[in-house]
Amino acid sequence: MSILIRGGRVITGTDDYVADVLVEGETVTTIGRGLNADADRVIDAAGKYVLPGCIDPHTHLDMPFGGTVTIDDFESGHTSAAFGGTTCHVDFCIQGQGQTFGEALATWHAKADGKALIDYGFHIAVTDLLAGGTLEELASLPEQGITSYKLFMAYKNVLQVDDQTLFQAMQVAAGSGALVMVHAENGDAIDVLVREALARGETAPIHHALTRPPELEGEATNRAIQLARIAGSPLYVVHVTCKEAVEPIARARALGWYVWGETCTQYFFKSIDDLAKPDFEGAKYVYSPPARDASNHAVLWDAVRTDALSAISTDHCAFLWDGQKTLGADDFTKIPNGGPGLEDRLVMIHHFGVNEGRIGLNRMVDLLATQPAKLFGLYPRKGTIAPGADADIVIFDPAKEHTLSAATHHSKADYNLYEGTSVTGAVDVTMVRGNVIVENGELVAEPGVGQFVKRARFGEALA
Ligand SMILES: [Zn+2]
């Protein structure tokens, strides 16, 4: 099967030009003007953008958490992703207490088998460094294409690790070629603040945010940076929300240290005021770290524009408001932490970032596709449009208007964080390795077309 994408505006992390793109099989083979190719199919992309498929480095599909399981599995999550122009993601495989990494990975591979519509990889979330053998097993994971280790500095007594575990994992990563990722909040201090709040009878969703102040994110971010510096491992700080955490990352980057940070779509738009909404509506916005004071929105736009932060993910971790979030109706600590958003990232960042003049088109592609590909061992097979790259392509209509709503999104979540928001710019076609997945507002592929990607080690190219 060959597809000729005719006359679109090809936009990568660095380039912007009008050309034809020829896809043969799973790969982009030729790019040029007026290509005289005898393709099986021609798609007219005049007036449209031809973008590399977006990569989401931070998602939680089919994950047990907070006494329940995230509502989107690999099929509904991937459907949602494909409609939003995301063609590859890296999901968190969570090591259960007492489990080997191999056991955890087998569980996660089984979750995705037969359901995948887009390509996917796994980070390993280290929660329990078992006595004997575990460090060796961790060191061996890059051979299976698991080239990033995630550690939680928060969620005490659930996922949190102590600094010794964090530091040892960093030392392993320094030798094995993995990237260390941290959820940076001081879980011990949060635990004290939470117990004090509950003792005062403060049970509403707003107290989720009030017990997790931005200073505790800033403290943990700086601690992780300094520990990684000593261990000699590269570090990626996930879901950065505030000035207190941007500052130590920006400083480390200015010094040339191997430190990167991401933020997520929702942190540009939501604030602590959303958690104060009445009638338990605030629970829709209970995720960690919490939405901050709205003054941080401009801080984050500046950070992504200046490369203090290098990627935008979604942290898609969807729960039903009615039936799952309500587990915490009488106690904010029992509200499952997480929000939806896998489908909305590209259109929201395009509209509010590019259309409103905060970032350029190349930087948008860089943040949503190229940098995630480079940092997570997917580049240059993914994250750009070039001869030899996977034909993961989004044809994007920059003029088409679209209103975001739970009534029309493809996640199983019963709410949308951006309900009623109108944006200009919409996905027309999503293609994964030359397979058209979404077209004319319809899913046109069968589950199973997505594949596991064995990612390259940190800093190495994926051939
Ligand atoms: Zn997460």
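This is a predicted model: local features need pLDDT of at least 70, side-chain atom pairs count only at pLDDT 80 or more; totals for chains, interfaces and linings use all residues.
Helices here are DSSP runs of H or I with at least four residues, numbered from the N terminus.

Buried residues in α2 are F101, A104, L105, W108, K111 and A112. Seen down the axis of α2, these buried residues fall within an arc of 115°, so they line one face of the helix. The cover over them includes the helices α1 (74-83) and α3 (134-140), along with the strands β7 (64-65), β9 (86-94) and β10 (119-125).

The next topic is the nonpolar interior. In soluble globular proteins, nonpolar side chains tend to be buried together. The largest nonpolar core in this model has 125 residues, and I124, L235 and M364 are those with the most contacts inside it. Beyond its neighbours within four places in sequence, L235 is in contact with M170, L179, V180, V182, A224, I225, A228, Y258, V259 and W260. Another core, of 17 residues, lies apart from the largest one, and I5, I43, I385 and I395 are among its members.

Finally, there is a pair of helices to follow by eye. The axes of α7 (residues 214-231) and α8 (residues 243-254) come within 7 Å and cross at roughly 20°. Angles under 35 degrees count as roughly parallel, and that makes α7 roughly parallel to α8. Where they meet, α7 contributes residues including P214, E217, T221 and I225, while α8 contributes residues including E244, P248, I249 and A252.

Notes
Residues are numbered from 1 along each chain as its sequence is written. Side-chain values use heavy atoms; hydrogens and water are left out. Buried means under 20% relative accessible area, exposed over 50%, partly exposed in between (1.4 Å probe, protein chains only). Helices (H or I, at least four residues) and strands (E, at least two) are DSSP runs, numbered from the N terminus. The arc is that of the directions from the helix axis to the C-beta atoms. Contact means heavy atoms within 4.5 Å. A nonpolar core is a set of buried Ala, Val, Leu, Ile, Met, Phe, Trp, Tyr and Cys residues joined through side-chain atoms within 4.5 Å. Axes are lines fitted to C-alpha atoms, for helices over the stretch in contact, and angles run from 0 to 180 degrees between N-to-C directions. Angles under 35 degrees count as roughly parallel, over 145 as roughly antiparallel, 65 to 115 as roughly perpendicular and the rest as oblique.
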